[in-house]
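Let's walk through this model together, one question at a time. Keep the viewer open and follow along.

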Amino acid sequence: MANVTFKNNPVTLLGKEVAVGDTAQDFTVLANDLSPVTFSDLKGTVRLISVVPSLDTGVCSVQTKRFNEEAKSLGEDVSILPVSADLPFAQTLWSDADGIEVGKPLSANRESAFGQANGGL
């Protein structure tokens, strides 16, 4: 994985760098009701994944809201998977407060393998 700079300090990112054309590895994340959701559960649909570290940060919140707005026009054969490391309970509060209708956030908090297998979180 690449080295990047954060606050003028070098940081080595972990996991496999994602490239155009890569196939996502199967993973398990949690829905807001704590039920498991796997990538393979949604086989047969186009699956769009938007990954953010935390919905409680400005940029991540804006990205997820925009992703949600754009997703409304994509149709039912598209599965929207916004994934963050937030606890499912915090995601529910965020979703309810912001009126998220399509693609409720999924939590990678319990399964760190998601980030390692699919480019980090």
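## Questions and answers on the model

Q: In which loop does alanine 108 lie?
A: Helices (H or I, at least four residues) and strands (E, at least two) are DSSP runs, numbered from the N terminus. By that naming, alanine 108 belongs to the loop between S7 and helix H3 (113-117).

Before we go on, a word on the ground rules. This is a predicted model in which local features need pLDDT of at least 70 and side-chain atom pairs count only at pLDDT 80 or more, while totals for chains, interfaces and linings use all residues. Residues are numbered from 1 along each chain as its sequence is written, and side-chain values use heavy atoms, with hydrogens and water left out.

Q: Is alanine 108 buried or exposed?
A: Buried means under 20% relative accessible area, exposed over 50%, and partly exposed in between (1.4 Å probe, protein chains only). Alanine 108 has 6% relative accessibility, so it counts as buried.

Q: What distance separates the C-alpha atoms of alanine 108 and proline 53?
A: Along the chain, alanine 108 and proline 53 are 55 residues apart.

Q: How many residues make up the largest nonpolar core?
A: A nonpolar core is a set of buried Ala, Val, Leu, Ile, Met, Phe, Trp, Tyr and Cys residues joined through side-chain atoms within 4.5 Å. The largest one includes Phe27, Phe39, Leu81, Ala108 and Phe114. Another core, of five residues, lies apart from it, with Val52, Leu55, Trp94 and Ile100 among its members. The count for the largest core is 10 residues.

Q: Is phenylalanine 27 buried or exposed?
A: You can find phenylalanine 27 in the loop between S2 and S3. Its C-alpha atom and that of phenylalanine 39 are separated by 5.7 Å, with the two residues 12 apart along the chain. The relative accessible area of phenylalanine 27 is 5%, so this residue is buried.

Q: Which residue lies over the face of phenylalanine 39?
A: A charge sits over a ring if NZ of Lys or CZ of Arg is within 6 Å of the ring centre and within 35 degrees of the ring normal. Here the distance from the ring centre is 3.8 Å, and the residue is arginine 47.

Q: Which residues does threonine 64 touch, not counting residues up to four places away in sequence?
A: Threonine 64 sits in helix H1 (residues 58-71). Its relative accessible area is 5%, so threonine 64 is buried. Contact means heavy atoms within 4.5 Å. With residues up to four places away in sequence left out, threonine 64 touches Val52, Leu55, Pro82 and Trp94.

Q: Why are the buried residues of H2 on the same side of the helix?
A: In helix H2 (residues 88-98), the buried residues are Pro88, Gln91, Trp94 and Ser95.

Q: Which exposed residues does the face of H2 turned away from its buried side carry?
A: On the buried side, the residues of H2 pack against strand S3 (28-30), H1, strand S6 (78-84) and strand S7 (106-107). The face turned away carries the exposed residues Phe89, Leu93, Asp96 and Ala97.

Q: What is the bridge partner of asparagine 3 in S2?
A: Two strands pair if DSSP finds at least two bridges between them. Strand S1 (residues 3-6) and strand S2 (residues 9-12) pair in the antiparallel sense over four bridges. Threonine 5 has proline 10 as its bridge partner in S2. For asparagine 3, the partner is threonine 12.

Q: Is lysine 7 buried or exposed?
A: Lysine 7 is found in the loop between S1 and S2. Its phi is near 55°, a positive value in a residue other than glycine. Lysine 7 has a relative accessible area of 67%, so it is exposed.

Q: What is the relative accessible area of asparagine 8?
A: Asparagine 8 also lies in the loop between S1 and S2. Its phi is positive, near 65°, in a residue other than glycine. Asparagine 8 is exposed, and its relative accessible area is 73%.
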